[in-house]
Amino acid sequence: MIIGIDDTDSNEGMCTTYLGALLLDELQAYGTVETRPLLIRLNPTIPYKTRGNAAVAMKLKTDCPEKVIAHVVSRIEEFARIECEKTNPGAVFIPEKAYEKLKPVLRNFLEKAVKEVIEIEEAKSLISESGVPSKGFKNGRGLIGALAACGAMLNLEEWDHTFEYLAYRQKEKWGTPRKIEKESFFEADRNTYPDTWDTVDLKNRLVVCVPHSADPVLFGIRGKNPAVVTKAVSLIRAEPIERFAIYRTNQGTDMHLISAESIAEIRDMHSYTLEGTVSAVPETIHGGHVIFPIQDGDGNEIDCAAFEPTKNFRLLIRKLRPGDRIVVSGSVNSRTFNIEKIEIKKLAPLYREENPVCPTCGKHMKSSGQNQGFRCKKCGTQATSKILCETNRNLTEGLYEVPPCARRHLAKPLVREQKSDIEIHPAR
Ligand code: ATP
């Protein structure tokens, strides 16, 4: 049986991955857990999300499915923050005999849940048409994520993946400040980067894998395989944990990005890669956000933004100039493209005016007065106007990204990038 769960937390606490880790341990009483559990990130622009729009799936070999369903439902009832308006839990239970039939259907559903916006009714009709057991609470919106996570489990070979080791706090500590030895996270990073990433942000001197909210997560270490995240964790010194789980995940894979041919096809609440030309000098607006427009071949424009939380990434963005050819990746909301990554494909030459150079003496001429041209002081040679000289852009072509402290869960970090035809500048 595949079990998908979503939407159990609120801003005040809980986390669906914690419920997943708890169930993984408890469900051993009813069968055997097959394969690693999944932590699937869905469309990052969805307004109903609490934090990272995550859903969870696990696979269990069992001969008492009714007991499993009853147990999962009772744990959701106990742990989910039902009182919160935004919390609408959902759980789906796919019996083994339905795997083959649902595999392609749920593959498409997963793709749509990561890239598009889905109505609750679509999830509910899929459930009723396929006849799979499910349980929705309140408006049942969590059924969307639960189905998508099941789709990921049925189609493991279809999507790129990474791993995350999630350590959970002892229950009595939830909501209190986390006790961690900061330096041990930097040590873990030094010993395992680039096979792990986003543990710390070196430039901003931050530990980024420890949340600040009231949820049960103590830290989450992301990396390319279970062994390396476990090695990183062995170097971390922090308060004792209640339990942990290593999830296979679509984090750090760019699965949310749609390749856009033109600006006309861009819609809010979707994420894209888009090629265009910078059409005005970037401006820093109130709050420290840096905004500039890009234009496509049809002459359409859209604003791109490096928001204040992207910190030092804004220094790079401020160096862009009209005519630069770029490819941006990121999410669109309120007709603004929130940049996660940028490829600078071709820098436009930039010129500044200088006094002309004397062809005989090789020295810059001096102005002879307003509108009277220029004259060489030494030999008297004259010229009428200034000349244009190409300036150093102080920027190189290549791929750049926001720092770890501003990374979106789904954004593929540049340390994972395999491209060899382009200069890659991973942020550390
Ligand atoms: P949690 O830890 O509970 O998973 P979260 O930050 O991941 O917290 P949720 O509380 O799960 O956010 O809220 C997201 C809600 O949006 C869920 O009900 C989920 O089913 C729904 N959802 C996810 N993706 C989409 C989508 N593409 N279209 C519409 N609804 C979606």
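Domain bounds here come from an automatic or database domain assignment. The model is predicted: local features need pLDDT of at least 70, side-chain atom pairs count only at pLDDT 80 or more, and totals for chains, interfaces and linings use all residues. Residues are numbered from 1 along each chain as its sequence is written, and side-chain values use heavy atoms, with hydrogens and water left out.

**Exercise 1.** Find the domains of the protein chain.

*Solution.* 
- Start with domain 1 (2-158) and domain 2 (162-249).
- Continue with domain 3, in two pieces (257-349 + 393-425), and domain 4 (351-390).
- Take C-alpha centres: those of domain 2 and domain 4 lie 63 Å apart.

**Exercise 2.** Describe the largest nonpolar core.

*Solution.* 
- Buried means under 20% relative accessible area (1.4 Å probe, protein chains only).
- This core has 36 residues. Val92, Ile94, Leu106 and Phe109 have the most contacts inside it.
- Helix 5 gives the most, ten residues. Helices are DSSP runs (H or I, at least four residues), numbered from the N terminus.
- A second, separate core has 32 residues, including Tyr168.

**Exercise 3.** Locate the residues that surround the ligand.

*Solution.* 
- Count residues with a heavy atom within 4 Å: there are 24.
- Helix 5 supplies the largest share of this shell, three residues.
- Check ligand oxygen atoms: one is 2.5 Å from a side-chain N or O atom of Asp9. A backbone N or O atom of Ala54 lies 2.4 Å from a ligand oxygen.
- Taken alone, the ligand exposes 630 Å² (Shrake-Rupley method, 1.4 Å probe). The protein buries 99% of that.

Definitions and conventions. A nonpolar core is a set of buried Ala, Val, Leu, Ile, Met, Phe, Trp, Tyr and Cys residues joined through side-chain atoms within 4.5 Å. Buried means under 20% relative accessible area, exposed over 50%, partly exposed in between (1.4 Å probe, protein chains only). Helices (H or I, at least four residues) and strands (E, at least two) are DSSP runs, numbered from the N terminus. A polar contact is a pair of N or O atoms within 3.5 Å; within protein, one must be able to donate a hydrogen and the other to accept it, and residues adjacent in sequence count only if both atoms are side-chain atoms.
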